[in-house]
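Subject: A structure for you to look at

Hi,

Here is the structure I promised to send over. Have a look around it, and then read on for what turned up.

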Amino acid sequence: MAAPVVSSVSPNQGPASGGTTVTVTGSGFTGASLVRFGSKTAAFTVNSSTQITAVSPSGTGTVNVTVTTSQGTSTQQVTFTYAQTPSLSSLSPGQGPAAGGTTVTLTGTNLSGATAVRFDGVATSFTVDSATQITAVTPAHAAGAAAVTVTTPGGTSNALTFTYLATPAVTGVSPERGPASGGTTVTLTGANLTGATAVRFDGLAATSFTVDSATQITAVTPAHAAGAAAVTVTTPAGTSNPDDPSAHFYYAAPPSLTSLSPPSGTTAGGTLVTLTGNNLLGATAVRFDGTSATSFAIDSATQITALAPAHAAGAAAVTVTTPGGTSNPVGYTYLSAPALTSLAPASGPTHAGAVVTLTGSNLATTTSVKFGSTPAAFTVVSPTQVTAVVPAGPAGPVTITATNPAGTSNGLTYQRTGAPAV
């Protein structure tokens with residue numbers, strides 16, 4: 001009979017510590033008495049004349065595998081390589097989303113021939129870049145720490161930690177409205193906000209933001225067209241849900257005023273003024289020269305009714321403020337009630353047609369002159385003078401008054417004598 005022949009071993013490599021189950025294929029194995037890996041004897045089982053199952057002893061380097069029977073020892077060069085145990089020194093990045101998909105670079109030694117990369121025991125796809133580097137893609141995993149290992153024919157490496165992060169969520173935005181020009185400081189509340197790298201309003205980056213805690217971010221809105229904007233936060237774990245209805249900010253168009261009525265009122269305030277314009281919904285203030293209206297009501301997007309506050313006589317700029325900003329000013333005039341100091345002549349005929357000159361103050365906006373309860377035709381000459389045509393009336397005294405939007409003057413006495421007009 002011929003000496004045994006070894007044609008192959010599988011696997012042909014394993015850890016230096018030994019213990020690899022190796023299938024030795026060849027011929028003439030019946031009655032085998034010895035299997036060696038280099039100079040070291042291995043435990044073995046003869047399966048048939050063509051196959052032996054052996055367990056590699058510990059060793060180093062590349063050694064020849066031989067089988068010995070009563071007919072001799074095999075002489076073929078069929079080798080088994082003892083691989084060094086892999087080790088890991090770093091991984092980058094060290095964190096990523098629980099959904100997986102992060103490309104991680106593992107650095108270490110003896111990484112050639114890697115057969116598996118595992119995250120907490122879960123195998124993932126990888127590429128061996130060199131003996132010192134592997135690129136792997138993280139599998140999905142619950143939020144928290146995961147042990148990362150590399151397995152080669154030399155064994156399994158030490159473990160490094162990769163942290164899976166929960167996806168951020170935005171559950172509230174306050175305030176919910178602001179001007180289209182941007183610049184509103186808003187507080188975002190939610191979960192898993194630590195490490196935020198971006199805050200966006202409909203894809204537009206916030207002017208600035210600060211991570212206050214894992215549940216709060218303070219951000220400044222960028223400029224944006226009027227309307228709703230989805231607010232999202234991005235962290236190493238991913239981006240929050242833009243479709244969450246609680247994660248929206250509403251950009252308001254700036255308000256504008258076109259008119260007000262009446263255009264004037266008393267310095268004492270209390271005049272009910274109707275303001276007309278656009279984008280008036282959500283108004284937070286109506287001001288007369290910076291002084292808040294006594295009260296106001298939003299009638300519609302185009303109308304507000306406000307009660308004028310007290311103010312010194314003269315012009316006042318009226319504005320409306322909404323989350324969209326402050327409107328253009330519209331002029332309102334504060335008036336003092338008229339006062340009469342003299343009239344000339346002080347008497348005249350009982351028939352109509354005599355002209356009297358009234359002198360006083362605050363007469364520029366005079367709306368009526370009355371002799372008793374009878375209105376008279378009149379002309380405003382200046383803020384201090386009005387001329388009036390005396391209506392017909394009985395002989396005797398009659399009280400003359402002047403009225404403007406701020407009120408009615410004191411009365412002066414005109415005497416009808418029945419004499420011809422002078």
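What does the accessible surface of the protein chain come to, and what percentage of it belongs to carbon and sulfur atoms? The surface is about 18,500 Å², and carbon and sulfur atoms own 55% of that. Before you go further, keep in mind that this is a predicted model.

Let's start with the whole chain. The 422 residues would have a radius of gyration near 22 Å if they formed a compact globule, but the chain has 49 Å. The box around its C-alpha atoms tells you about the outline, at roughly 170 × 30 × 25 Å along the principal axes. As for cover, 41% of the 422 residues count as buried.

Next, contacts. Take the contacts with a separation of 6 or more: residues 24 or more positions apart account for 55% of them. Charges are quick to describe, with 8 positive and 9 negative ones whose mean positions are 3 Å apart.

Now zoom in on strand β17, residues 133–137. Which of its residues are on the covered face, and which on the uncovered one? I134 and A136 are on the covered face, while Q133, T135 and V137 make up the uncovered one.

To get from β16 to β17, follow the hairpin, which takes 2 residues.

A few loops deserve a visit too. S157 sits in the one between β19 (155–156) and β20 (160–165). Is S157 buried or exposed? It is buried, because its relative accessible area is 7% and the cut-off for buried is under 20%. Beyond its neighbours within four places in sequence, S157 touches P86, S87, L88, T149 and V150.

Then there are two cis peptide bonds to check. One runs from S92 to P93, with omega near -5 degrees, and P93 is in the loop between β11 (87–92) and β12 (95–97). Another joins A344 and P345, where omega is about -5 degrees. You'll find P345 in the loop between β41 (339–344) and β42 (347–348).

Finally, look at two asparagines. N110 is not a glycine, yet its phi is positive, near 55 degrees. Its loop lies between β13 and β14 (116–119). N192 isn't a glycine either, and its phi is positive at about 60 degrees. That residue is in the loop between β23 (185–191) and β24 (198–201). How exposed are they? N110 has 28% relative accessibility and so counts as partly exposed, and N192, at 36%, is partly exposed as well.

That's the tour. Happy exploring!

Cheers

Definitions and conventions. Residues numbered from 1 in each chain as written. Predicted model: local features only at pLDDT ≥ 70, side-chain atom pairs only at ≥ 80, totals over all residues. Heavy atoms only, no water. Rg over C-alpha atoms; globule rule 2.2 N^0.38 Å. Buried < 20%, exposed > 50% of the residue type's maximum accessible area, 1.4 Å probe, protein only. Contact = heavy atoms within 4.5 Å. Areas by Shrake-Rupley, 256 points an atom, 1.4 Å probe, with all protein chains shown as cover. Lys, Arg positive; Asp, Glu negative; His and termini not counted. Charge placed at Lys NZ, Arg CZ, Asp CG, Glu CD. Helix = DSSP H or I, 4+ residues; strand = E, 2+ residues; numbered from the N terminus. Pairing = 2+ DSSP bridges.
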